[in-house]
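Please look at the sequence and the 3D structure shown here. The paragraphs after it lead through the structure one part at a time.

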Amino acid sequence: MNNTAPLLDVSGLIKRFSVKGRGPKGERRFVHAVDNVSFTIARGEVVGLVGESGSGKTTIGRTLMRLTDPTAGVIAYEGTDIAHLPAREMMAFRRKIQMVFQDPFASLNPRRKVGQLIAEGMEIHKLGTRQKQDAEVKRLLTLVGLPADAGQRFPHEFSGGQRQRIGIARALAVAPGFIVADEPVSALDVSVQAQVLNLLQDLKEQLGLTILFISHDLAVVEHFCDRVIVLYLGRIMEIAPCHRLYSKPAHPYTEALLSAAPVPDPDRKGDRIVLEGDIPSPIDPPSGCVLRTRCRYALPDCAAVRPELREVAPNHFKACLRDDIL
Amino acid sequence: MIDFLLARIGSAIVTIFGASVLAFAVLRAVPTNPARLIAGPFANDEVIAQVTANLGLDKSLPVQYLDYVTSFFIGDWGFSYSAGQPVLSQITERLPASAELALYAFLFAFFGAVLVTVLVSFLNSRWLDRFLRLLSFISVGVPPFWLALLFLMVFFERLGWFPGPVGRGPAPTGLYTGLFTIDYLLAGDFAGFGTALHHLALPSIALALGPFGYLVRLLRANLLDIINEPFVTVLHAKGVAPISTHFRHILPNAFLPTLTAGGLILAQLLGGSVLVERIFVWPGIGTLVIDGILRQDYAVVQAFIMLSAIIYIGVNLLVDILYGYVDPRVRRS
Amino acid sequence: MTEPPMSIPLLEVTGLKTSFTTPRGTVKSVDDVSFSIAAGKTLGVVGESGSGKSVTSLSIMRLVGRGGGVIDDGAIRLNLPGQPGLDIRALDEKAMRKVRGNDIAMIFQEPMTSLDPVWSIGDQTIEAIRLHQDVSKNEAREKAIEMLRLVGISAPESRVDDFPHQLSGGMRQRVMIAIALSCRPALLIADEPTTALDVTIQAQILDLIRRLQKEIGMSVLFITHNLGVVAEIADKVAVMYAGQVVEEGPVRTIFSAPRHPYTVGLLKSIPMPGGMRVDDAGSRRLDTIGGMPPNPLALPAGCRFAPRCSLAIEDCHKAPPPLVQAGDEHGVRCIRWQEVSK
């Protein structure tokens, strides 16, 4: 990590989706899916992106991949802003940024063999000869812990955990510099989930992968990530190194999230902080701090001022007005 | 609901506009000069010029279009030179015949399909289900004109149970709606009502079978989908009896797509059916249009295009309103 | 077999066997499952997908037939207070419908699809009430509003006429609970009721179930794959694997002194909050259970977990192990349980 410039530098990222119908005053309405989000990821770093449904975590992942175009903001990958690159120039970056999906086969052609699926990216980006690609497929399959001849079979012949291994092999096939993993273990049973997490851990150590790990599972993120970004309603609530976030959460939302997560320990009693009510609509988010409608620490000021991210300890940022809590 | 209706009316205007442009273009796109057609083969240039001026064909296209649209809306739908009478009166004369046929065909198809399919799915018998699938397969595949001929051969010629190809039968003395069955009923003449139904039976069933098969397929597929929805398991877990689950919960849910399809089918049937009308000598719109095309009587064709658009819009509006009534998700948004 | 307890349990399931016929053969989804639930207590059933936990609950409700399943063997007894015990399997369909939703109620995983989209939430609650109670439509409506208030829906007087699509996932699950509890059942079967919900909403729903359990005094059969949720809500736990209960016991015993290799493996394979396991090489790794659950069409002759078990010996592959007592109310289906420790 001698390179001090971050691999990925996202600033002021905004994504709005327009909604059918108009508001009470006849104005156009938007879902504010991602609302002014900025963060960086260093080379070799694994950053967790946590949040509940509607937090914008998946939208951020999709925007980084340019599967959806951002409304505004800069996504600098190795210094180049890819947020508004035309399709032709984006092609080169599509190779560098790969995605691992929750269900890797939901979007793939079930009639193609696993080997063809893995080699697809190499074909598109014209990497190596046919023979080299075949050899590479075998190497990748072994790397992710599958038999080298698995490439001759079809996706439906594999179990969920094996499919996720294939999905990982597919992402690695084009030697990407950055991987967006969107809930890669959420659909798996616990025992299989552990196997895939270990695989990711090994690959990260062997290949020095840089990963944005999107998940709703706090324990998995704590286990796997170096740094964590906590999202709520399209905004960043807190960013901190992993051990710090879990031991000393600074934001009321993180505190509630950690307290709500069930722990496999029947003796843990203690007071649970239950966030009352539902997540507000992202079409019409609360003024000021978006958490204030459910926050037990909210003050009148919280409705008036939108809190910006500020550093409360080295590398530890929070978007909360109050300093006298937690 | 007001927003919803406004949006509907907006799209209706667009549809009517499109249809009017199409109808207008039909007349202009024909290779022969309509004026010459109307004036006849022996007319001299002077007469043709006179007819051209009468038809307004010497004006610019936009002006012609505007003239056309305004006259359409004040009830001047053009003059059918082959019949020697205004198109509008021809259509009002013949529309009830097609409408009555369409209505009965629709009733057979729609309610027949719903009744049979729901019953079979409720009884949950594999054999009945197979039979239903076969029936729908056959009825979708068989062309209605062939069926019409078959019906005539069997039920008229062989068995003599139904009247032959003689059209609608005797007309009731007082015509209110133009639908014979209704008019007989209004007059309290049940024997006449029976006669009218008797004449309607073969052609309407011949027309109904295709849509019937289609609706059976659609509804069957939807019922199977809904039966496997988690909420149906929840209903069983609540202790709701199967009959109530089936008819009060599953059916209303599965019914929604059928309603849309039913509307389209009704609109299509109302436009008349050329072949079945021909075979049964039914004095309907279909016969009128085909004669119009063959005689290059384009005023009739034009009027038919507009009429189809209006029927289509009307039926769809009806379906939308019904949909809003059945489906709360539509009602609220 | 467990000693006969002092008080009669509310639900006793003994030797339950349920199978499904598929084109490729018969799947024994539930194979010789026994457990009991005491009045007012919560039994957590944990297992991974395909372990048979949901089929067990549907068998108790006698709803497996819809999916082509058949209860082949076993007894399901419901002992309502002050009434003679009910043999669930012997009831005719009509009597069974009186049990469903009235004595045993059920809530499911998918709050988004568990409600009829064209019925208002009030009407769906009223339907449940009027099925089992002899009340007028207006009285039922009042009761429905009361239930909606009880499960924490604000302004229930106006929300009662809302339709499911107007509610969030958490709210719908509250409505489901309102419907399930509207007849004050003696047993609530909750099949993964919080799996589809966000953590903060999950916490709300778990709190709600616990609170209402106390108020109504019902027992809960809580089915989940989430060990954290089980630790929080259950008094007793049954761990299922490949259609069998492999270990059962009080929640503390299961988490602190498990005796089945599968339970141990499961507990070790989840990332523990706060505790980071670092192996000798300094790498963060989770312990895993190697391999995969057996093919339900070709189950091993001996112990079903043996092919994945690091402690398996030859005997394990020979005959299916019986459920043996490893301690007070603690049963284990393993012949080497004495060698197993966490």
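**A walk through the chains**

In chain C, R77(C) stands opposite D87(C), a residue of strand 5. Strands here are DSSP runs of E with at least two residues, helices are runs of H or I with at least four residues, and both are numbered from the N terminus. Strand 4 of chain C, residues 69–78, pairs with strand 5 of chain C in the antiparallel sense over two bridges. Two strands count as paired if DSSP finds at least two bridges between them. Strands of a sheet pair through backbone hydrogen bonds, either parallel or antiparallel.

This is a predicted model, in which local features need pLDDT of at least 70, side-chain atom pairs count only at pLDDT 80 or more, and totals for chains, interfaces and linings use all residues. Residues are numbered from 1 along each chain as its sequence is written, chains are lettered from A and ligands numbered from 1 in the order in which they are written, and side-chain values use heavy atoms, with hydrogens and water left out.

The pairing above belongs to an open sheet of four strands in chain C, with the order 2-1-4-5 and antiparallel pairing. Strand 2 (25–37) and strand 5 (86–87) of chain C each have a single partner strand, so they stand at the edges and one side of each is left without a neighbour in the sheet.

Now take chain C as a whole. Its secondary structure comes to 11 helices and 12 strands. The C-alpha trace of chain C spans about 65 × 50 × 45 Å along its principal axes. Of the 342 residues of chain C, 57% count as buried. Buried means under 20% relative accessible area, exposed means over 50%, and partly exposed lies in between, with a 1.4 Å probe and protein chains only. Among contacts in chain C with a separation of 6 or more, 64% come from residues 24 or more positions apart; a contact means heavy atoms within 4.5 Å.

Is I153(C) buried or exposed? I153(C) counts as buried because its relative accessibility is 4%. Leaving out residues up to four places away in sequence, I153(C) touches L148(C), R159(C), M171(C), R174(C) and V175(C).

Strand 3 of chain A, residues 46–50, pairs in the parallel sense with strand 8 of chain A, residues 211–215, over five bridges. Within that pairing, L49(A) stands opposite I214(A). Strand 3 of chain A also runs parallel to strand 9 of chain A, residues 227–232, joined by four bridges. There, G48(A) has V228(A) as its bridge partner. In a regular strand the side chains alternate between the two faces of the sheet. Both faces of strand 3 of chain A are covered, with V46(A), G48(A) and V50(A) buried on one side and V47(A) and L49(A) buried on the other.

Last come the chains together. Two pairs of chains are in contact, and chains A and C share the most contacts. No contact joins chain A and chain B, and their closest C-alpha atoms lie 9 Å apart. In chain B, A25(B) has its place in helix 1, residues 2–29. A25(B) is partly exposed, with a relative accessible area of 36%.
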